[in-house]
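Subject: Structure handover

Hello,

Please find the structure below. My notes come after it.

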Amino acid sequence: MSRYFRESAMPAHWDADQYLRYADLRNRPLADLLARVPELPPRPTVLDLGCGPGNSTAALRRRWPDARLLGLDTSPDLLARARGADGEPTAEYREQDVARYDPAPERPDLIASNAALHWMDTDTADHLELLPRWAAALRPGGVIAFQLPGNFAAPSHTLLADLRRAPRWRDRLATARPDASCHEPERYARTLLAAGCTADVWESTYTMVLPGPDPVLEWVKGSTLRPVLDLLPEPAERAEFLAGYGALLRAAYPATGHGTLFPFRRVFAVAVKR
């Protein structure tokens, strides 16, 4: 998980506790991604680009216990959590903008990015442009592995965009970061192949069963909603916005007797440098 925003927007303040509230469900796509990564050389150099609170870094350590492991993120709060017992305290960490980072000096064997790449767009560049740079930095036989959400056309996102543009909120929320992007799997495959890699690219939709009241609202509070909430620091306004958005989400994702069903599409890629 990474925290990168368009240059025209203020960085969000990320809440590790809120993000990790659904840690088991959020970590499942990462487990599926790492299951497709081939074996690496002994004592590999592994980069976790957009490491967030360290949940992805800890998974990388479990898979490669002898690796030199480096995590990068822009959020000091999340990096502090990553360095603690809930993250992976044996890794190295840097506070750095991954969109401007050159991994070549590290000579990595694996560049991993978990639920982060979509946050690395800027006003002038698409995150696809990072992949050739990452591929060039790898050792021969090195691997790029990433997964990101592909649900930006889902009600959880379209309802939020519509609400932000409503007369009540558009003046306040016009500077919130535009919706992040995810390309179709074929574009990632073409980009990775052109960069001299193999391309194993796929998508999956997880039908999650979320417990408790307003669970979809609680889910997006840990990710998509963060830059919006930062623009509503006054408690009454924030409560009003959340009440309106929560009502829309309840209608779009009705609760059942077993919880709330939340389809969650992800796009994955594992590429090996030829």
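Predicted model: local features only at pLDDT ≥ 70, side-chain atom pairs only at ≥ 80, totals over all residues.

Residues are numbered from 1 along each chain as its sequence is written, and side-chain values use heavy atoms, with hydrogens and water left out.

Whole chain

The protein chain has 11 helices and eight strands (DSSP runs numbered from the N terminus; helices are H or I with at least four residues, strands E with at least two). Of its 274 residues, 56% are buried (under 20% relative accessible area; exposed is over 50%, partly exposed in between; 1.4 Å probe, protein chains only). Among contacts (heavy atoms within 4.5 Å) with a separation of 6 or more, 77% are between residues 24 or more positions apart. The chain exposes about 11800 Å², and 54% of that comes from carbon and sulfur atoms (Shrake-Rupley method, 1.4 Å probe; for residues, only the protein chains shown count as cover).

The disulfide count is zero (the rule asks for a pair of cysteine sulfur atoms within 2.5 Å). Cys 182 is buried at 19% relative accessible area, and Cys 197 is buried at 0%.

All five residues of strand E4 (residues 110–114) are buried. Leu 110, Ala 112 and Asn 114 point one way from E4, and Ile 111 and Ser 113 point the other way. E4 runs parallel to E1, joined to it by three bridges (strands pair if DSSP finds at least two bridges between them). In this pairing Val 46 stands opposite Leu 110.

Thr 45 lies in strand E1 (residues 45–49) and is buried at 9% relative accessibility. Leaving aside neighbours within four places in sequence, the contacts of Thr 45 include Arg 68, Glu 106 and Leu 110.

E4 also pairs in the parallel sense with strand E5 (residues 143–149), over five bridges, and Asn 114 stands opposite Gln 147 there. With helix H5 (residues 130–137), E4 and E5 make a right-handed β-α-β unit (with the strands pointing away from the viewer, the path from the first strand over the helix to the second runs clockwise).

Regards
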